[in-house]
Amino acid sequence: MFDQFDPAEDKMLQVIDNNGKVISKELMPKLSDEETLKLYKDMLFVRTLDHMIVSYQRQGRVYTYPPNYGQEAIGVAAGAVLRHDDWLVPAFRELGAWLAKGATMKDVFMFNMGFEEGTKFAGANHMLPSSVPIASQLLHASGIGYAIKYQKKDEVAMAFVGDGGTSEGDFHEALNFAGVWKVPVIFVVQNNQYAISVPVKMQTASINMAIKSKAYGIKGIKVDGNDIFAMLTAFRYAHEYARKESQAVLIEAVTYRKGAHTTSDDPTKYRTTDEEKEWDKKDPLRRMKLFLEKKKLWSDDQEKKLVDEYEKEIDRQFLETEQTVQYPLEDAIKYTYAEMPQDLRDQQIEHEKFLQWKNARK
Amino acid sequence: MKAMNIVSAVNDALDIKLTEDKSVVVYGEDVGFEGGVFRVTEGLQKKHGVERVFDSPLAESGIAGTAVGMAAAGLRPVIEMQFCGFIYPAFNQIISHISRFHNRSRGKFKMPIVIRLPYGGGINALEHHSESMEAIFAHIPGLKVVVPSTPHDAKGLLISAIESDDPVLFLEPKRIYRAIKQEVSEEKFSVPIGKAKVLSQGTDVTVVAYGAMIREVQKAIVMAKEAGYSVELIDLRTIYPLDKETIAASVKKTGRLIFVGEEPRSFGVGSEIMAVANEEAFLHLEAPPKRVAAFDVIVPYPRGEHHYMITPEKIFYEIERTIKF
């Protein structure tokens, strides 16, 4: 498949077109109707959750949030291939993969409400916290890959980065280390066309992102990131290849960030509505819905009902989280070290004396 | 017991941990086949295999960043930065991730990483090969910083560092890598992180130092003794967490304090030692605490380095001034 979609020829893996019509039957991933529907429902859930977190942010109930809007297919498809022991090395815009690995809504809420507890992902096996310094996390995946190989485990690491992240030195170092070490790591570039306001053509003179794989002696493939079937096919193939051959893969998922970079960003400043409308036609949920409707697997009524259910459950859990979270003083201190230095303990004790004094004054 | 210098003592500690713990891996630039530019890891690849002791691509951020992933996945990486001045590309990984992963994941992921770092001047090296940057790392929450001054402590502290679940910057005073020979036990033993050592007892003044400066202070103490002064010497051994107790107890006894370091003077380890005297022993002071450290300059190229390095005479001069204050 890597030869069939040689990035040097700028080929892109696609399975359905913008109208949900299958254009490449042999590349359609094997799925039961139930599995197919689950993919759609997962995307719908991510979109609903995403929209609601943005609205909570607008109400001042969470802090900064990076919306996934428009990119749901990539995370959901990734989540569908990652096994319990596979590793997820997130960036911050692949919510579908987080949830599939076992991150909870409460984790996501807490992270965006400003609690480190929300980046613990206590119930998600082999999932790292999300990474803010761009592309730095890719090296963690290469290191995990080394550990997998060294410990002779049947695992794969999957790491995410954006198009802007490919300009960072750590992108180069991570792919280079993974190539030299021959480790089972799938690097996923979500090429959503913008790094905040900077368009992708200002990040690289390469004809695409996938072609960068060639410089590291690893396989690469460019995939329509708004086509969930294409993403699933690519991920399944890459996963099998990485695992069996103990080799790294670079997947470029071509997509579009329909929302803002984060809730602090205003994309109307740097892109046109014409451009946005063009990409609306390629929206991953729209395309899959058209596909499902042709197969009579889905209807507007079902969708409305399901979104209602999702919204109620999301809101219920959000309220519950809002009402139960606390940030005691010791939580700001005790996790700094595995073994707490006495001096740090003393700093806390000193501050607690001040707090006692302060409370006595009231 | 076996006669060891710091190079062979570090090698011995690595050998012991590689032997008893399969999760330990050792890597960096030239670390594997060649055994490192200082030959600290010599013979280890041959003994423990190329999967456990190996050469990495030449990229410091890559070395540090991959260690994060290895640690998260259950290994205990011991990585080498070839020279202290080459560590800067790894800063982001060390400060943004290695020091923070435990906190960010609320303890889900520990970072048992040791970063070995030959540091310090006095060897007539090129630029970027002589820095003393312990204060920079000591200032970062989440890191521990260790500096041995003897073969015994180098071995014992490195074993503690590898066994620590916290990341440890292990600074090796390359100026005295082979300068000191000492009988060191071939058995496994550890020296605790966070504990300073009183190397010589005295009553007139407390001198606090570490690493390559210990030997310089000891030479100054010989001069001081001849002049009739009694000097207490404390080897910090760990920069962070700082053993304030030992420093404060000594200052309370002698009433005088001198810090000796080859780091730039301002905002350095010495500044923190001054703070300990002020906060913990203020009423016992009989003279102003003094920092004897390098100028706030970049380490000069070899021909000018003698202006930079702290000498025994300079230390003795400050000892006498402080006692006579």
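This is a predicted model: local features need pLDDT of at least 70, side-chain atom pairs count only at pLDDT 80 or more; totals for chains, interfaces and linings use all residues.
**Figure 1. Helices α1 and α9 of chain A cross with their axes within 10 Å.** Here you can follow α1(A), residues 33–58, past α9(A), residues 284–294. Their axes cross at roughly 145°, and the crossing is left-handed.

**Figure 2. Chains A and B meet through 33 residues of chain A and 36 residues of chain B.** On the chain A side, α5 (136–150), α6 (169–181) and α12 (342–361) each supply at least two of the touching residues. Which helix gives the most to this side? That is α5(A), with eleven residues. The chain A side as a whole divides into 17 nonpolar, nine polar and seven charged residues.

Figure 3. The domain assignment places domain 1 at residues 2–184 and domain 2 at residues 197–323 of chain B. How many residues does each domain bring to the contact? Domain 1 of chain B brings 24 residues, and domain 2 of chain B brings 22. On the domain 1 side, the elements giving two or more residues are the helices α6 (134–138) and α7 (151–163), together with the strands β6 (144–146) and β7 (168–173), of chain B. That side of domain 1 divides into eleven nonpolar, seven polar and six charged residues.

**Figure 4. A cis peptide bond joins B:Tyr240 and B:Pro241.** Zoom in on this pair to find an omega of about 0°. Where does the proline sit? B:Pro241 lies in the loop between β12 (238–240) and α9 (244–254) of chain B. As a reminder for reading the backbone here, most peptide bonds are trans.

**Figure 5. A:Lys152 and B:Phe267 are not glycines, yet A:Lys152 has a positive phi and B:Phe267 has one too.** Most residues other than glycine have a negative phi, so these spots are worth a look. A:Lys152, with a phi of about 55°, is in the loop between α5 and β2 (157–162) of chain A. Is A:Lys152 buried or exposed? A:Lys152 is exposed, because 6 other C-beta atoms lie within 10 Å, and 12 or fewer is the cut-off for that class. In chain B, B:Phe267 also has a phi of about 55°, and its place is the loop between β13 (257–264) and α10 (269–281). B:Phe267 counts as partly exposed because there are 13 C-beta neighbours inside 10 Å.

Terms used
Residues are numbered from 1 along each chain as its sequence is written. Chains are lettered from A and ligands numbered from 1 in the order in which they are written. Two residues are in contact if their C-beta atoms, placed from the backbone, lie within 7 Å. Helices (H or I, at least four residues) and strands (E, at least two) are DSSP runs, numbered from the N terminus. Ala, Val, Leu, Ile, Met, Phe, Trp, Tyr, Cys and Pro count as nonpolar, Asp, Glu, Lys and Arg as charged, and the others, Gly among them, as polar. Domain bounds come from an automatic or database domain assignment. Axes are lines fitted to C-alpha atoms, for helices over the stretch in contact, and angles run from 0 to 180 degrees between N-to-C directions. A crossing is left-handed if the near helix is turned anticlockwise from the far one by less than a right angle, and right-handed if clockwise. A residue is buried if 20 or more other C-beta atoms lie within 10 Å of its own, exposed if 12 or fewer, and partly exposed in between; C-beta atoms are placed from the backbone.
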